[in-house]
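Got a structure open and wondering where some of the labels come from? Let's go through a few of them, one at a time.

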Amino acid sequence: MESILNGVQLLFDPSLILFMFVGVGIGIIVGALPGLTDPMALGLGIPFTFGMEPLHAILFLLGIHFGALYGGTITAITINTPGIPAAAATAMDGYPLTQKGKSRKALQMSALSAFIGANISVLSLVIFAPLLGKVALGFGPSEYFALGLFGLSVVAAVAGKSLPKAVAAAALGILISTIGTDPLYGAERFTFGSFNLYTGIDLIPALIGLFAVSEILAQLAGKAREEKKMEHRVEGQGLTPAEVKNSFKTILKGGAIGTFLGALPGTGAVIASFFSYNEAVRSSKTPENFGKGELDGVAAAILLGAFILHGIRVGPDLFVTSGNFVYAMFIGIIILEIMVFLAGWYGSVWIAKIVRIPRHFLFPVITVLVVTGSFALNNNLFNVWVTLIFGLPGFLMLRFEYPLPPLLLGIILGPIIEKNFCLAMSATNGQPLQFLTRPITAFILTVALVSMYFSVKIHRQIQKGLNAKETIS
Amino acid sequence: MKLLIPRCLFPKIFAWVLVLIGLWRLVFFMIKGTDKNAVLNVEQIDMIKLLAGTVVIFAYVILLPLLGYLITTTVSIFLLIYLLGKPKVQTALLCSLAATVVIWTVFDKFLHVPLPSGFLGIWGV
């Protein structure tokens with residue numbers, strides 16, 4: 001309780017509220033612009049947070065994230081172009097409402113369900129987080145190694161069309177993560193004598209390259225990209241109290257499922273979003289829009305990167321080491337959702353007008369932001385080159401339909417798995433089977449196997465949907 | 001002395017995973033025929049625009065420390081605008097100048113990022 005009160009106290013700062021407001025505004029606009037994604041906005045937003053306090057920085061980025069999620073539904077509803085796969089389900093029901101001249105109702109319902117869902121998640125976390133913290137105190141290297149493997153177990157679910165391609169992308173990601181010094185012997189690997197590579201590849205420039213530069217190159221490559229006319233129509237009457245009441249049960253159910261699945265450690269958020277994603281694909285008439293990888297999990301990974309960048313120790317013991325900070329963040333999330341909700345409820349007409357920026361003005365500016373942002377990470381050009389070089393495989397992977405999220409999972413989880421495997425092997429004198437004698441490790445590994453089974457199952461259903469579509473066409 | 005873990009174990013494991021998946025896909029498609037997604041359809045790509053854009057972006061980063069942020073950024077935005085669309089010269093010029101000044105002000109003045117000043121640095125810009 002004391003941590004919660006201290007957390008509330010941290011939020012009594014006008015500059016913090018201003019940053020959150022600006023973050024939400026940027027997020028909604030970016031999310032509503034087709035071609036611009038939530039991960040791209042987060043990656044570009046990180047350099048702007050360097051001078052900020054950790055809480056300001058994280059809430060600013062979370063504002064961008066929640067804003068972009070809602071912004072994605074604006075395009076899904078008004079022009080049938082979901083910014084993110086999660087918004088694809090919104091497009092399925094939302095766009096027909098737009099065609100009937102009821103887009104305002106759809107936008108308001110989308111804002112309301114996001115608001116209620118987020119509140120359920122945050123409240124559950126406030127209740128269950130201390131329990132998680134207690135369990136985490138018993139975590140050693142073998143548990144973290146098992147958690148890393150658990151994170152990788154969802155690769156099949158983020159595979160998109162082809163599982164071998166996803167496994168190849170994840171393996172490439174882990175291989176990239178081994179660049180730098182060996183965690184056990186200190187030997188240099190793939191550094192080619194460059195001291196910049198001794199500490200490995202930084203996550204943020206790699207990520208900006210994979211998601212932003214690849215999109216810039218895709219825009220330049222032009223022809224194949226489908227260009228939709230951006231005629232955002234926001235019309236009709238708003239939601240009535242009776243309509244809100246009728247939908248309440250569905251919203252609560254969705255929020256509870258999301259919270260339960262999203263609360264799983266590691267990449268739980270990816271699994272959670274995939275359950276709805278899978279359902280959306282199963283019932284979608286346009287499954288070819290899917291299979292591009294789930295970007296929500298990527299956003300979680302970027303936020304993780306931002307935590308580390310701002311010196312916050314991430315892991316299941318986060319609640320023990322930074323309790324006040326975490327509770328301030330939770331309450332901050334509720335405030336952010338209120339801001340998104342208000343913007344969605346009252347401002348969707350204006351948002352739809354703002355986003356009519358021609359892409360020939362937008363993407364050159366994004367290119368410059370990519371270069372400047374990467375430079376600002378360490379004030380040197382090395383990271384800019386990393387960003388540009390990662391953009392090329394990112395573009396080719398998109399063209400050859402290799403999913404990017406597994407690559408990113410590999411880059412993020414590779415060091416966690418390798419370092420903790422080495423430490424655990426040292427502790428057990430080279431006996432990996434001894435890992436299983438630790439109950440939490442054995443439990444996490446079992447959950448990882450179950451998760452792997454389900455993610456392969458989800459992958460098969462996505463493929464079935466895609467094959468059915470191909471047969472029809 | 002016997003090592004607990006072989007040197008470079010992880011890079012070796014995952015390099016082999018990549019080799020095996022590559023071989024598997026090669027054999028699979030030799031038997032089943034070519035995967036339509038495994039071939040880059042050049043007709044769908046505007047190669048000239050893509051190459052020109054890539055050259056502009058790489059030249060921008062190479063020239064950044066020499067000519068400085070303000071000049072290279074304005075020119076790069078201007079060229080990229082023309083590669084992606086065909087607006088009026090005045091509009092493109094105004095947009096590149098405005099975007100450069102805004103981004104430079106935010107990063108250099110507010111965030112105190114020492115952006116390269118190039119030869120303009122000798123005049124203290």
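This is a predicted model: local features need pLDDT of at least 70, side-chain atom pairs count only at pLDDT 80 or more; totals for chains, interfaces and linings use all residues.

Q: How do you know that the end-to-end span of helix H9 of chain A agrees with its number of residues?
A: Helix H9 covers residues 203-221, which is 19 residues, and at 1.5 Å a residue they should span 27 Å. The end C-alpha atoms are 26 Å apart, so the two agree.

Q: What makes H9(A) largely enclosed by the rest of the structure?
A: Buried means under 20% relative accessible area. Of the 19 residues of H9(A), 18 are buried, so the helix counts as largely enclosed.

Q: What follows H9(A)?
A: Gly222(A) does, and its phi is positive, near 60°.

Q: Over to chain B: how many helices and strands does it have?
A: Four helices and zero strands, running α-α-α-α from the N terminus on. Of its 125 residues, 34% count as buried.

Q: Why is Leu26(B) called exposed?
A: The cut-off for exposed is over 50% relative accessible area. Leu26(B) has 52%, so it is exposed. This residue is found in helix H1 of chain B.

Terms used: Residues are numbered from 1 along each chain as its sequence is written. Chains are lettered from A and ligands numbered from 1 in the order in which they are written. Side-chain values use heavy atoms; hydrogens and water are left out. Helices (H or I, at least four residues) and strands (E, at least two) are DSSP runs, numbered from the N terminus. The expected span of a helix is 1.5 Å times one less than its number of residues. Buried means under 20% relative accessible area, exposed over 50%, partly exposed in between (1.4 Å probe, protein chains only).
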